[in-house]
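Me: I'm new to this one. Can we walk through it together, starting with how the helices pack?

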Amino acid sequence: PMSRIPPAAAETLSDDMRESLAYAESLMGFVANDVLTMAHWPEFLDAVKSVVAVVYAPGQLDAGLKRLVAHVVSHAAGCTYCQAHTAHGAVELAGVDADKLRDVWAFETDDRFSEAERAALRLATAAGSVPNETTDTHFSALREHFSERAIMELMGVISLFGLLNRWNQTLATTLEEKPAAFVSRYVDDAD
């Protein structure tokens, strides 16, 4: 399927926008079509770039957990584009074991997931659902393992992907070759 709004051609972009593309490529390992689409509105792309930089900056949460949370929240929201990106990013960029990613849906019972990870992934599942299914119990469980700052980092990941999930689902953003190949190789083959 084709994107409802075609991505901007990289060669037509200003130097500032090309810098944003280079940043996105350094973060993901490829130029993403959603970034090229956002380039039609440079101020919006700059704002999203700023949020992405803060969310993915080193903090209290492990980079792998951030990527797993992003993957689970995108699954709960039904965004296959973001699921492919976050699966690729978890394994290829954050060092999550491919088998652990494949088995993320068994996080409640799989011994590879800690109680802290389970609490975070429960929240991601509930928060990504429509309507939102988050309860006070989710936050009680989080407080057993995470500081308030770390919980805010979780909320940053979940909220960023709330935006990206809606953006990409609504625009039917075309998946790029690199994450598509990753999903085909590491995720689909497991089924």
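Reply: Start with α5 and α10. Ala84, His85, Ala87, His88, Val91 and Glu92 in α5 meet Lys178, Pro179, Phe182, Val183, Arg185, Tyr186 and Val187 in α10. Keep in mind that this is a predicted model.

Me: At what angle do the axes of α5 and α10 cross?

Reply: They cross at roughly 75°. The axes come within 9 Å. The two helices are therefore roughly perpendicular to each other.

Me: Why give both an angle and a distance?

Reply: Because two packed helices are described by the angle between their axes and the distance between the axes.

Me: OK, stay with α5. Where does it run, and how many residues does it have?

Reply: Helix α5 covers residues 80-93, which is 14 residues. From first C-alpha to last it reaches 19 Å. That is close to the 20 Å expected at 1.5 Å a residue.

Me: How many residues of α5 are buried?

Reply: Eleven of the 14 are buried, so α5 is largely enclosed by the rest of the structure.

Me: Which ones?

Reply: Tyr81, Cys82, Gln83 and Ala84 are among them.

Me: Pick one residue. Is His88 buried or exposed?

Reply: His88 lies in α5. It is buried, with a relative accessible area of 4%.

Me: What does His88 touch?

Reply: Leaving out residues up to four places away in sequence, His88 touches Met28, Phe30, Leu93, Lys178, Pro179 and Phe182.

Me: What follows α5?

Reply: Gly95 follows α5, and its phi is positive, near 75°.

Me: New topic. How many disulfides are there?

Reply: The count comes to zero.

Me: Are Cys79 and Cys82 buried or exposed?

Reply: Cys79 is buried, at 1% relative accessibility. Cys82 is buried too, at 2%.

Me: What about the nonpolar core? How many residues are in the largest one?

Reply: The largest nonpolar core has 60 residues. Val69, Leu101, Leu121, Phe146 and Phe161 touch the most other members. Helix α9, residues 148-171, gives the most to this core, with ten residues.

Me: Why would such side chains gather inside?

Reply: In soluble globular proteins, nonpolar side chains tend to be buried together.

Me: Which residues does Leu121 touch?

Reply: Leu121 touches Leu68, Val69, Val72, Val104, Phe107 and Phe113, again not counting residues up to four places away in sequence.

Me: Back to α9. What span should its 24 residues have?

Reply: At 1.5 Å a residue, they should span 34 Å. The end C-alpha atoms of α9 are 34 Å apart, which agrees.

Me: And just after α9?

Reply: Ala172 comes there, with a positive phi of about 50°. Ala172 is not a glycine. It is found in the loop between α9 and α10. Ala172 is partly exposed, with a relative accessible area of 24%.

Me: Where is there a cis peptide bond?

Reply: One joins Val130 and Pro131, with omega about 0°. Pro131 is in the loop between α7 (115-128) and α8 (136-143).

Me: What else lies in that loop between α7 and α8?

Reply: Thr135 lies there. It is partly exposed, with a relative accessible area of 37%. The C-alpha atoms of Thr135 and Phe30 are separated by 37 Å, and the two residues are 105 apart along the chain.

Me: Last one. Where is Glu11?

Reply: Glu11 is in the segment before α1. At 60% relative accessibility, Glu11 is exposed. C-alpha to C-alpha, Glu11 and Ser74 are 30 Å apart in space, and 63 residues apart in sequence.

Note on methods: Residues are numbered from 1 along each chain as its sequence is written. This is a predicted model: local features need pLDDT of at least 70, side-chain atom pairs count only at pLDDT 80 or more; totals for chains, interfaces and linings use all residues. Side-chain values use heavy atoms; hydrogens and water are left out. A disulfide is a pair of cysteine sulfur atoms within 2.5 Å. Buried means under 20% relative accessible area, exposed over 50%, partly exposed in between (1.4 Å probe, protein chains only). A nonpolar core is a set of buried Ala, Val, Leu, Ile, Met, Phe, Trp, Tyr and Cys residues joined through side-chain atoms within 4.5 Å. Helices (H or I, at least four residues) and strands (E, at least two) are DSSP runs, numbered from the N terminus. Contact means heavy atoms within 4.5 Å. The expected span of a helix is 1.5 Å times one less than its number of residues. Axes are lines fitted to C-alpha atoms, for helices over the stretch in contact, and angles run from 0 to 180 degrees between N-to-C directions. Angles under 35 degrees count as roughly parallel, over 145 as roughly antiparallel, 65 to 115 as roughly perpendicular and the rest as oblique.
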